[in-house]
Amino acid sequence: MNIIHRRGWEIPESQAAPEHLFMSRRALLRGVTALAGVTSISKVGCAEGADPTADLYPAKRNEKYKLDREITPEKIASYYNNFYEYGQDKYIASHAQQLKTRPWTVKFDGMVEKEKTVGIDDLIRAMPLEERLYRMRCVEAWSMAVPWTGFAMAKLVEFAKPLSSAKYVKMESFLDSSMAPAQRLPLFPWPYVEGLTMAEATNELTFLVTGIYGKPAVKQHGAPLRLVTPWKYGFKGIKSIVRFTFTDKRPVGTWEVLQASEYGFWANVNPQVAHPRWSQATERDIGTGDRRPTLLFNGYGEYVADLYKGLESEKLYM
Ligand code: MTE
């Protein structure tokens, strides 16, 4: 028998979920599999036509954002995902084809001059698309480097016209169990929710993603609109967004609801602050399999460290 002695950080990535979820994982997977059988996954995936914004890709690369490592091969990054609406392991790409990304609307509400709802294609065409190469560090201690296409969230905030009294933006993923059967199961407080301060949302790094690898985003990465904040752990990167609510109350994200002692609001990458169940000192590059040291703010400190001055009493790194 092969007995593996794991060091602290070498937990199986499946166990990085909050404990009660991990315990219920088998039940969930049984449920997802049974529910997935209700709908024919491949038929739903094939029923949609070409992406109506396909002509916008590839967008010009913004050379300002450089990588210190190779781009992760597309076939690896796009088949190793976290998207709990489609199951709790990494191999949800085929299940995620049930997601219908058109028609798709995005709502802007809360503390805004005027509430509005826009069609995703109008929104994408109103925004200046560019490609950026960013590193991504998951709280589970794996990482990748990806060419995302999208636009600075600051542009979306301009478009939304929040009131000056708004301090945060809360974001919500879709809620529709007809295209995400796992949403019929009570393990998560659906829909998936995340939030940022206004200063974070308008930081130049904060990116709303519409495409990946020079093409419209694929469903498993959170098409048609997904957040990327490369200095934070990957769970902040909410997928398939339908709503932005501007507010003066700090939003409580899905993972904070599930296990606040392990997953907080700020979630900034810091190799020196361990997760309660494993070290964050190093990460496994899913492209090469190599383990490398993790960098403070995932190496983006020059852009974001100032955001946290005066907030030292907060739990900035979980
Ligand atoms: N967004 C939604 N709606 N549902 C999810 O389960 N998972 C998060 C984040 N966004 C998640 C989500 C987590 S835990 C991670 S690490 C990243 O998406 C993974 O993004 P990727 O699959 O594109 O690598």
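How far is an oxygen atom of the ligand from an N or O atom in the side chain of Asn81? The separation is 3.0 Å.

## Basis of the model

The structure is a predicted model, in which local features need pLDDT of at least 70 and side-chain atom pairs count only at pLDDT 80 or more, while totals for chains, interfaces and linings use all residues. Residues are numbered from 1 along each chain as its sequence is written, and side-chain values use heavy atoms, with hydrogens and water left out.

The ligand is surrounded by 18 residues, a residue being near when one of its heavy atoms lies within 4 Å. Tyr84, Glu85, His221, Gly237 and Lys239 are the closest. The shell consists of nine nonpolar, six polar and three charged residues; here Ala, Val, Leu, Ile, Met, Phe, Trp, Tyr, Cys and Pro count as nonpolar, Asp, Glu, Lys and Arg as charged, and the others, Gly among them, as polar.

A polar contact is a pair of N or O atoms within 3.5 Å. The protein buries 99% of the 540 Å² that the ligand exposes when taken alone, with accessible areas from the Shrake-Rupley method and a 1.4 Å probe.

The ligand sits in the largest cavity. A cavity is a set of points, on a 1 Å grid over the protein atoms alone, where a 1.4 Å probe fits but cannot get out; a molecule sits in it if more than half of its atoms lie within 2 Å of its grid points.

## Aromatic pairs

The model has 22 aromatic pairs, counted for rings of Phe, Tyr and Trp (its six-membered ring) whose centres lie within 6.5 Å. One of them joins Tyr65 and Tyr134, at 5.7 Å centre to centre and 75° between the planes, and is edge-to-face (planes over 60 degrees apart). Tyr65 lies in the loop between helix H2 (41-47) and helix H3 (74-77), and Tyr134 in strand E3 (residues 130-137), so the pair links parts of the chain 69 residues apart. Helices (at least four residues) and strands (at least two) are DSSP runs, numbered from the N terminus.

## Backbone exceptions

Most residues other than glycine have a negative phi, and most peptide bonds are trans. The bond from Trp190 to Pro191 is cis, with omega near -5°, and Pro191 is in the loop between strand E5 (168-173) and strand E6 (193-197). A cis bond also runs from Ala223 to Pro224, with omega near 0°; Pro224 is found in the loop between strand E8 (215-216) and strand E9 (226-228).

Lys161, which is not a glycine, has a positive phi of about 55°. Lys161 lies in the loop between helix H5 (153-160) and E5.

Notes
A polar contact is a pair of N or O atoms within 3.5 Å; within protein, one must be able to donate a hydrogen and the other to accept it, and residues adjacent in sequence count only if both atoms are side-chain atoms. On a 1 Å grid over the protein atoms alone, a cavity is a set of points where a 1.4 Å probe fits but cannot get out, and a pocket is an open set with protein on both sides within 12 Å along at least five of seven lines; lining residues have an atom within 4 Å of a point. Rings of Phe, Tyr and Trp (its six-membered ring) pair if their centres lie within 6.5 Å; planes under 30 degrees apart count as stacked, over 60 as edge-to-face and the rest as tilted.
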